Amino acid sequence: MYDSKIKESSLNFDLKRYEFCSDFSIFIINEFLQENGEQSSNITPKEYKVHRYVLSQQSEYFKVLFESSQNFIEHKENAVMIRLKDPFNVFPQVLRYMYTGYISINHKTLISILSISDRFAIEKLTIHATTYFDNFYDYKRKIPLNLSFISAQEIYTLYLEAIENEFEEVIPDWLLAIAFDELWEIDNDVMSSIRLDRVLKCDCVKLKNEDQKFSVIRKIVADFCGSEEYDETFEEKWNKMALRFAMPFPDILDESSEESSEESTVTEAQQTGNTINEISDETEKQAEDDNSNSTLYSQQINGIIENDISEEEHLEFTFHDIKEAYERLNHNNKLYEWFKLVNYSLLDPKNWEVALADNLIPNKLVLQGLFEVLKKDDTEIENWGSWDHSPTSPLILPQSITISPILNSSISKPTSTIEYTDCLHFTTKPYYSDIKICINHECHEFHKIILSIQSVYFCDYFSTSQGQLLKEWIFPWQNLHPHLSNGLLNMIKLLYYNHTFPLDPNNIIPILFASLETNTQSIISLCMKWISENKPFILELGCGISDPWLANSRHQSMIRKKVICLVSENFEDFEEDLNNNYNITKDLILDILNNPSLNCNERSKIYLFSCVLDKWFPNAKKSDLSSVESNEQELSEIRTLIIKYINHKKLHVSDLEFLSKQWWMPKDLFHSWMIELAQEKKRRK
């Protein structure tokens, strides 16, 4: 109830209603209209009459403008001209957010709202806009939600708009990934290679076919690596030397005349050599386990050791050679890892020649794909054994990229619009104050706009011709409640601190009373919410016994109605207090039972009667007074209550057994119910 009141108040907010206390004007020129054919002479600036205090509290831009620009023309004219590109006219929504804390964002208005909030340095709103798409992604399962409300063309348009406004990173990689197949067809140059690489690594990336993936990777590699080819010959030479000498770099360092500044290069090269040794050892072990290739592998190793590289040739490698080799191997590794992602057996045949002719692509990857194609039609090739396609680079390889299909359709469909409601805090310091409230011979400086936004009383009062000129407001309700003055001050603090001022049993009634007098619905709802969480308190409030001043006021009937509605809708939560609290009046309980929104079963009503009828009809229970006229009247009233509030057709057997033992249940009525229910059950059989 409280949250709905806040939202309702925000949606109904109209800045024009508060122009009576404005002290500044913003003139907006929408450049989007000019870009779309409107002549600049025909574009009339739109004026918004605003309040310095509110804008300076929520926007760092306006705070600096108002507080640090005493010599600027804006201070002299109390106005500023601002040019914006606002295709969806969201500036009024941003203004409303600065006053109420409420705004709704969808994928079409996202970039416009973000641009304006970033320009005016509205921190919370900027955070909401930059994290908007987080609402459509399940980070636990690492999958996006169903985004059927946005097409690939809209994603493309949104991405272009984000790039144009320098908010590219606001568009998440996964959003581009789920429509990547269509985005690539629309414009394959819109994304940078860095962005393409990230999108391709998303688990939810959607690709048209393997040829599209091949094209994407070629573009990434071309931008990252240029034209420097994959050098397989250099790898073989390096690995032969590594297998022969195990890279004894400490000895090389002792015999070298290089300066100490090159020590870091040596250490790096040593780590590279050690990694090469590990890879070589693993390769040797794998080959030894393979009986069909073990003999050939041994011959290759012996040939390297005995014939290919001598120790003198090895010692001639300089530090520069080692560093250059490391960079070359690193380059080879990157090429291998990127092109390894393509399943070349699935390529269009015309792309096989392209792949083999491309010096950037390791030929063995393409040949592997061709062999897979041949194996599908020639069973003899299956006996050739499998290739060892492990990369020859000494570097630790990054985790492979997994390409998976997009989402299952069982996930619930979200809406495009996300609503945000923030608690906007305003300081009570007298910056730009325009009204003094005098209570108990003390004056407190406040702002008409803060009081008027949520209080109907203050808005109506300050908007009159007399109220617009008013500088002091004297508290007029001294005789209504002894603590009402403090209640009003605390209520105003709640308005400034956005309802975060602490409530307690000592201040809740005066604050509620003040909010009722000033017709401040948001604070009334806040007080009722606090009261509803203290069940005995709210029931006593409805009975009028919690505070005699409030009970005798014109507001008691309204409070009673709110209490009845609240208890009726949440009967189970209040059931124990209704049964056991002897301060609760008969009238309140009967009004609750009569309420159309009552959420209560028959068993709860029976138990309630068993607890309260003793208190309501003390004479009816006394058998020795059965002949007394008053007793007969009470018994008749009990009978009427039972017939009116208990629907015997909804009773269970256990309920009937309980009723049979209650003194207040008329025997003849009980017998007729039993016969009727038994006959009904027999007819069903």
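**Exercise 1.** List what Leu578 touches, not counting residues up to four places away in sequence.

Solution. Contact means heavy atoms within 4.5 Å. On that basis Leu578 touches Leu539, Val567, Phe571, Ile584, Ile589, Ile592, Leu608 and Val612. The model is predicted: local features need pLDDT of at least 70 and side-chain atom pairs pLDDT 80 or more, while totals for chains, interfaces and linings use all residues. Residues are numbered from 1 along each chain as its sequence is written, and side-chain values use heavy atoms, without hydrogens and water.

**Exercise 2.** Which residues of helix 31 (residues 571-580) are buried, and against which helices do they pack?

Solution. Helices are DSSP runs of H or I with at least four residues, numbered from the N terminus.
- Step 1: Phe571, Phe574, Glu575, Asp577, Leu578 and Asn579 are buried (under 20% relative accessible area, 1.4 Å probe, protein chains only).
- Step 2: their packing partners are helices 27 (521-532), 28 (535-543), 30 (556-569), 32 (586-594) and 33 (602-616).

**Exercise 3.** Which residues have the most contacts inside the largest nonpolar core?

Solution. Such a core joins buried Ala, Val, Leu, Ile, Met, Phe, Trp, Tyr and Cys through side-chain atoms within 4.5 Å. The largest has 180 residues, and Ile26, Leu55, Tyr344 and Leu578 have the most contacts in it. Helix 25 (residues 484-496) gives the most to this core, eight residues.

**Exercise 4.** How do helix 35 (residues 653-660) and helix 36 (residues 667-684) pack?

Solution. 
- Step 1: the angle is about 160° and the axes are 11 Å apart (lines fitted to C-alpha atoms over the stretch in contact; angles run from 0 to 180 degrees between N-to-C directions).
- Step 2: the two helices are therefore roughly antiparallel (over 145 degrees).
- Step 3: Leu656, Leu659 and Ser660 of helix 35 meet Phe670, Trp673, Met674 and Leu677 of helix 36.

How values were computed. Buried means under 20% relative accessible area, exposed over 50%, partly exposed in between (1.4 Å probe, protein chains only). Angles under 35 degrees count as roughly parallel, over 145 as roughly antiparallel, 65 to 115 as roughly perpendicular and the rest as oblique.
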